[in-house]
Amino acid sequence: MIEDNHWGIIVNSLTEAVEKVRAMTVEEYNSYVDAIREVKYSLDNGYFTKKVLVDSVYKLFIH
């Protein structure tokens, strides 16, 4: 989900993270910022957490 939505990078170590960040262009960094800006309101207001909880309750009691 993180990579698919361009919200960040996935790495296996801190060393790999440092390498990826150092290799990142300003344009690439700004594209991450823009992608996060689009979902910021939902994240700030707990939309995804609420959705998971509602979906879980629905599956437990309806199905």
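This is a short tour of selected stops in a predicted model.

**Stop 1: His 6.** Start in the segment before α1 (14-23), where His 6 sits. Check the backbone there. His 6 has a phi near 60 degrees, a positive value in a residue other than glycine. Most residues other than glycine have a negative phi.

**Stop 2: helix α2.** Now select residues 26-44. These 19 residues form α2. From first C-alpha to last, the helix reaches 25 Å, close to the 27 Å expected at 1.5 Å a residue. Where does α2 bend? Go to Glu 38: the bend there is about 45 degrees.

Stay on α2 and show the side chains of Tyr 32, Ala 35 and Val 39. In this helix, these three residues are buried. Then bring up α3 (47-62), which is included in what covers the buried residues of α2.

**Stop 3: Gly 46.** Gly 46 follows the helix, and its phi is positive, near 70 degrees.

Stop 4: Pick out Tyr 58, which is found in helix α3. Tyr 58 counts as partly exposed because its relative accessibility is 44%.

Key: Residues are numbered from 1 along each chain as its sequence is written. This is a predicted model: local features need pLDDT of at least 70, side-chain atom pairs count only at pLDDT 80 or more; totals for chains, interfaces and linings use all residues. Side-chain values use heavy atoms; hydrogens and water are left out. Helices (H or I, at least four residues) and strands (E, at least two) are DSSP runs, numbered from the N terminus. The expected span of a helix is 1.5 Å times one less than its number of residues. The bend at a residue is the angle between axes fitted to the seven residues ending there and the seven starting there. Buried means under 20% relative accessible area, exposed over 50%, partly exposed in between (1.4 Å probe, protein chains only). Contact means heavy atoms within 4.5 Å.
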